[in-house]
Amino acid sequence: MDFSDIIPAMPGLWNGMKMTLQLMVMGIVGGIALGTILALMRLSSNKLLSRFAGAYVNYFRSIPLLLVITWFYLAVPFVLRWITGEDTPIGAFTSCVVAFMMFEAAYFCEIVRAGVQSIAKGQMGAAQALGMTYGQTMRLIILPQAFRKMTPLLLQQSIILFQDTSLVYTVGLVDFLNSARASGDIVGRSNEFLIFAGVVYFVISFSASFLVKRLQKRITV
Amino acid sequence: MNYNWDWGVFFKSTGVGSETYLDWYITGLGWTIAIAIAAWIIALLLGSILGVMRTVPNRLVSGIATAYVELFRNVPLLVQLFIWYFLVPDLLPEGLQEWYKQDLNPTTSALISVIICLGLFTAARVCEQVRTGIQALPRGQEAAARAMGFSLPQVYWNVLLPQAYRIIIPPLTSEFLNVFKNSSVASLIGLMELLAQTKQTAEFSANLFEAFTLATLIYFTLNMGLMLLMRMVEKKVAVPGLISVGGK
């Protein structure tokens, strides 16, 4: 075991880490946005909307993320061609981002739904008695409180997403894990680089979940 | 990029031997189930031991289990798989290493790696569920058993665990389903399980939408089927008088 080769490889590894973080941030932002819309659909009194959202969540929660990533990577170019009528070259990065957003939205939807349902019914009634529309009630009264309550859960899901970004390995995107594997292969020290990658993932996820736990305690008290 | 839809593709010959594409899916599903069940057995056994360890009144014992859980939960599954598949064989003693790398055929060694990896990965999750189950029981259960002269192992074996397992069937079910989904990472080290067969079908037949739709349907049916089955089991073994059980 000789870990000295890792230091000169740092710039490459950092580029990989940037890719991982980009995937994660875009997945979180898109996932929460789409997930919130789905959650509101699911809670809506319109049966069609709530059925659709329910089916969406059920569907994405019963298939592996790896399958979604692979499928989107192969299928998105076709779908785009059907929509736009011309060949639009899109990279693995875009298809992975779309896959993460749509997949994570199913999980975020359930968190947001539980969050909204945990808000006391009187809040809704009071807002409506004040003459607020449904949109205003959700935007100004319910969602701000719900999001505050569910921040720890959203963060926990984000940590899971951080780990899951490593699955982009399957479409050859150079994220942190893949850059570690590539640089390790070049200098013939793949084992050392693999251990290093594992340690980095561990340190980041472990400290993040530690902070989330502390936050959770502060919020619940 | 013209696309020719053909839902009959699964009954066509693959051109490899006399197999149809459907045969590939059946083989793939077989591998997926085999990997998932083998990994689940390891996860359930080890996870239960760890779960008990976390609740035992001994700092060292519970500390070991906590460390295990933190370690296996905070490293991505794929990194763990690569560690078991690429790194661990290099660390084996010489004779064993030769046997693993040269005498075993590549499929068997990949299978062993993925089963150990998934088993140990899921054990950390099972551990947390078992711990939650034990801690959810009324304190009096343990106290009463101790007062009646049960030793600590007897308390766990006869009083706490039989009740805890019955409470945690729903979260355990979702972990069980996760093992099936997570077993798809085996495709990345060359095992021809369901996802790998799907990719291969998409490549051979150029009918990628049909290929992935069928795979999705199989995973979906598997999930729903197991969920319904576990719901029946849950009802059957429900602990009477506990609130957490289906509205009784």
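1. In this predicted model, the contact between chain A and chain B draws 29 residues from chain A and 28 residues from chain B. On the side of chain A that touches chain B, the elements that contribute two or more residues are helix 3 (65–84) and helix 8 (190–220) of chain A, and helix 8 of chain A supplies the largest share, namely 10 residues. By residue class, this side of chain A divides into 17 nonpolar, 10 polar and 2 charged residues.

2. Within chain A, helix 2 (residues 47–61) packs with helix 4 (residues 92–117) at an angle of about 120°, and the axes of these two helices of chain A are 9 Å apart; the crossing of helix 2 and helix 4 of chain A is left-handed. Helix 2 of chain A brings Ala53(A), Tyr56(A), Val57(A), Phe60(A) and Arg61(A) to this contact, while helix 4 of chain A brings Met102(A), Phe103(A), Ala106(A), Cys109(A) and Glu110(A). Sorted by class, the residues of this contact between helix 2 and helix 4 of chain A comprise 8 nonpolar and 2 charged, with no polar ones.

3. For chain B, an unreviewed UniProt entry carries the annotation "domain: ABC transmembrane type-1", which according to that record covers residues 29–230 of chain B. How much of the chain over residues 29–230 of chain B is helix, and how much is strand? In the model, this stretch of chain B is 85% helix and 0% strand, and its end C-alpha atoms lie 20 Å apart.

Technical notes:
Residues numbered from 1 in each chain as written. Chains lettered and ligands numbered in written order. Predicted model: local features only at pLDDT ≥ 70, side-chain atom pairs only at ≥ 80, totals over all residues. Axes fitted to C-alpha atoms, helices over the stretch in contact; angles between N-to-C directions. Helix = DSSP H or I, 4+ residues; strand = E, 2+ residues; numbered from the N terminus. Left-handed = near helix turned anticlockwise from the far one by under 90°. Contact = placed C-beta atoms within 7 Å. Nonpolar A, V, L, I, M, F, W, Y, C, P; charged D, E, K, R; others polar. UniProt positions renumbered as here; feature names shortened; annotations may be inferred.
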